[in-house]
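Please look over the fold and the domain contact before reading my comments. They are meant to be checked against the coordinates.

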Amino acid sequence: MNLLPRPIADRAAVQSWVDTHLGHLFDGPAVGSPSFRGGQRAADAALARFDVAGYAARRNEVQPPQRRGASRLSPYIRHGLLRLEDVWAAVAGGPANDVGKFRDELLWQEYARHWYARLGPATAAPVRRAPRSVMPGDGWDRTLPCLDMLVDELETNGWLVNQTRMWLAGDWTVRWGQDWRRGEDRFFRHLLDGSRAANRLGWQWTTGVGANKSYGFSRWQVEKRAPGVCRQCPHRNACPIDGWPDDPPMVPVPVPVEVDLSGPSEPVQTGEPSAVWLTAESLGADDPAAAAHGELPVVFVFDEQLLARLRLDSKRLVFLTETLAELGEERDVELYLGDPGAVLEERSVAVTHAPVPGFATRAASVRPSVIHPWPWLRTPRPGSVRSFSAWRKAVERR
Ligand SMILES: Cc1cc2nc3c(=O)[nH]c(=O)nc-3n(C[C@H](O)[C@H](O)[C@H](O)COP(=O)(O)OP(=O)(O)OC[C@H]3O[C@@H](n4cnc5c(N)ncnc54)[C@H](O)[C@@H]3O)c2cc1C
């Protein structure tokens, strides 16, 4: 177990801290996203800045960036700095059509979380489909500006609008027949909002796994959503993605075995905590465990084995460290590098349940003395999670 010094909440200082203490876990040097800063202040400012007016019409726009209507809140939502319930409330009073569309998207996020909590590791179920032919380059044809600019944005900023995530995933799977799980991993390494829940759901939805249609990507979307890009393309007179890809063959997949990771609906207490354990799922100032035990020190463990396996891009580590450094200005924060089970085995901790398989395995060895419920936007209920509409009907039933 390795107690780390406290980082200072400043981009250059955090990058150097990440290089020094976590440098063996990513391909260096550490560089934060130029577009997103971690921390509660940045999250609150992003929410305050977001104007929902025009969202419905512009959420799918790609280029130029000033036409985009997406909120860019996802990294903060992903790490619990913004709760879905608060984001939902923040857009009240906006134009009804925009508010309705935006809230539908928040429900998609909630659906992804329920789906993952119910299916857990089964969401990585393999799809056996031979590649159609050998892909040029590194999975996407970088000689096409419409794809090259997106891979560049993914790798530099750690974020993409929903529309271009579908383009990259559709090109990878539907056109080229590549394994969606490798593409999903590639996204996961770079996205600041990367979650197995929403990322796997997005890739499966695009590919058509578990559904009866897939999302084909072609020049048509580029002309519509990113006008001007095709004019700069060396292939503009012989565009290799001019036509729609064929629908991939649909293969039946076995019905997955369900797990239930939704967690308690009331706090469960078995002892007196002396610290709060924060996880990457819930790093906000109003994390239920941190808020309920405001006088206790907060502990965060960078899970060395997990990070060594994932080899996330340093942008996410910088984002997390910025968040923890800022929290350290308000509270007593202890940061460790190691195995959460080993670091916390002698401690009596309060924690907020996280509805993901990784929490279940770590909590089994940490054995928290208080577990606070996950702040769901919709209470989990029995019923189908096989489609968004079936799930929505089940959770909104009175
Ligand atoms: C292939 C693929 C991979 C994806 N991977 C992720 C991921 O790892 N993490 C992630 O949070 N989202 C993922 N999404 C969903 C969506 O693309 C992002 O949430 C969205 O682009 C984030 O930008 P935003 O905050 O500006 O979204 P906005 O359009 O402003 O939406 C507001 C919020 O609603 C939620 N939301 C919007 N669209 C979706 C959606 N389709 N599914 C689930 N939630 C949604 C997000 O929390 C988002 O922050 C993926 C989608 C696809 C097609």
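The points below cover the model, the sheet and the domain contact.

1. This is a predicted model: local features need pLDDT of at least 70, side-chain atom pairs count only at pLDDT 80 or more, and totals for chains, interfaces and linings use all residues. Residue numbers start from 1 along each chain, as its sequence is written.

2. An open sheet is built from 7 strands, with mixed pairing. The order is E1-E5-E4-E3-E6-E7-E2. Strand E1 (2-4) and strand E2 (268-269) are the edge strands, and each pairs on one side only. Strands (E, at least two residues) and helices (H or I, at least four) are DSSP runs, numbered from the N terminus. Pairing requires at least two DSSP bridges between two strands.

3. Strands E3 (residues 275-278) and E4 (residues 298-303) run parallel, joined by 3 bridges. Opposite Trp277 stands Val299 in E4.

4. Domain 1 spans 37-260 + 385-398, and domain 2 spans 268-372. The bounds come from an automatic or database domain assignment. The C-alpha centres of the two domains lie 28 Å apart.

5. Domain 1 puts 18 residues into the contact and domain 2 puts in 21 residues. Contact means C-beta atoms, placed from the backbone, within 7 Å.

6. On the side of domain 1 that touches domain 2, helix H2 (40-49), helix H6 (96-119) and helix H9 (180-190) each give two or more residues. H6 gives the most, with 3 residues. By class, this side has 6 nonpolar, 8 polar and 4 charged residues. Nonpolar covers Ala, Val, Leu, Ile, Met, Phe, Trp, Tyr, Cys and Pro; charged covers Asp, Glu, Lys and Arg; the others, Gly among them, count as polar.

Note on methods:
Two residues are in contact if their C-beta atoms, placed from the backbone, lie within 7 Å.
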